[in-house]
Amino acid sequence: MSEVTASRPTWAEINLDNLVHNFRLMKSAVGTEVAIMAAVKADAYGHGAVNCAAALERAGCEWFGVALPEEGVELRDAGITRPILCLSGFWEGQEEMIIARSLTPALYRLDLLERLDRAAGAAGVVSDYHLKVDTGMGRLGVPSGDLPGFLDEATKCRSLRLDGVMTHLASADDPAKSEFTAGQMKNFDRAVELVRGRGFAPSWIHEANSAAAHAIAAARGNLVRLGGVLYGLWRDVTNRAIDPLAWRPVMSLHTRVLYLKTVAAGSPLGYGGAFVTERESRIATLPIGYEDGLSRALSNRGRVLVRGKVAPIVGRVSMDLTLTDVSNIPGVEVGDEVVIIGCQGEGQVTAEEIAALAGTISYEVTCRISDRVPRRVVVSG
């Protein structure tokens, strides 16, 4: 049997030039004295962690942030050498992996602190960790009231070094919650003072995500954790009261017209006949569906670009196929490129627009682009 070399014409383009542009833009904004941690968790928000991390490391990115130790191991196996912070810590039994692959966990549980200390002692090394403090996010982190007791136990660990203190600002993108954010920052300052007062000397102090790094200079510390803005996602995750920077989208999503047909007025389309044509219509079938990450919530609501013009999605988005009405676009042919996310001609569809229609945020839109959609890296050199 001959090898299959052709593939379905549905793909995502990852523009690494734009990624590096966004990194340099933020580096200029936060200043050379502030290091950047690129959040490449969740496969770099769906953009491809290995390729993105490699490009950012070449550009001078100082840190990488992952959710899981397994994600950190993937980066190490790909040759990434810069420090990697496991933002959610690690699971019981992964402490040896943390040490062997030179990963730095965020810690907030005493049992994990003790596990890591024993494993590091057994390996004859001193392992770094960042202490995570909960100042109001309510997810992970040592509560302020528990911090003294936690630090008492941390001082007993002879094979660990508390090299960072961190928290997460829950509402830095919302100007209406500026008082809450200010309260979190004050709580964090007190926590850092307490840590230092107990004799620890953390190298890294960080609380700012993309929104805070952009809007709140006082929150930058000496390390900022950037996710969305690096990938050109900002309209729904940053403080819109602050002028945006010239961020460029890194991902675009493409397919091609698979089939064309003319249908009469009154024709039901798709599952359940959820759309009925009001006139004779030219309908294009696209080889992309919700298994690829095109949300079913876009049924009868979303839009795509064909020949630089807007074409509405009609009928229900199905698992593998989607219908669009190209009646108002002259000359459409089978094989024409269709842009789901991105620019074509003078038209643009953003991930944020899709997110608003689907009732979510842009991060989820890009994270949902499934593995069966190949990522094609674009680099101008």
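The model is predicted: local features need pLDDT of at least 70, side-chain atom pairs count only at pLDDT 80 or more, and totals for chains, interfaces and linings use all residues. Residues are numbered from 1 along each chain as its sequence is written, and side-chain values use heavy atoms, with hydrogens and water left out.

Helix 7 (residues 147–154) packs against helix 8 (residues 178–197) at an angle of about 30°, and their axes are 11 Å apart. Helix 7 is therefore roughly parallel to helix 8 (angles under 35 degrees count as roughly parallel). The crossing of helix 7 over helix 8 is right-handed. On the helix 7 side the contact involves Leu147, Pro148 and Leu151, which meet Ala191, Leu194 and Val195 of helix 8 (contact means heavy atoms within 4.5 Å). By class, the residues of this contact are 6 nonpolar, no polar and no charged (Ala, Val, Leu, Ile, Met, Phe, Trp, Tyr, Cys and Pro count as nonpolar; Asp, Glu, Lys and Arg as charged; the others, Gly among them, as polar).

Strand 15 (residues 281–286) is mostly covered, with 5 of its 6 residues buried (under 20% relative accessible area, with a 1.4 Å probe and protein chains only). Its pairings are tabulated here; two strands pair if DSSP finds at least two bridges between them.

| Partner of strand 15 | Sense | Bridges |
|---|---|---|
| Strand 12 (residues 259–263) | antiparallel | 5 bridges |
| Strand 18 (residues 322–325) | antiparallel | 4 bridges |

Within strand 15, Arg282 stands opposite Thr262. Thr285 stands opposite Leu323 in strand 18.

Terms used. Axes are lines fitted to C-alpha atoms, for helices over the stretch in contact, and angles run from 0 to 180 degrees between N-to-C directions. Helices (H or I, at least four residues) and strands (E, at least two) are DSSP runs, numbered from the N terminus. Angles under 35 degrees count as roughly parallel, over 145 as roughly antiparallel, 65 to 115 as roughly perpendicular and the rest as oblique. A crossing is left-handed if the near helix is turned anticlockwise from the far one by less than a right angle, and right-handed if clockwise. Buried means under 20% relative accessible area, exposed over 50%, partly exposed in between (1.4 Å probe, protein chains only).
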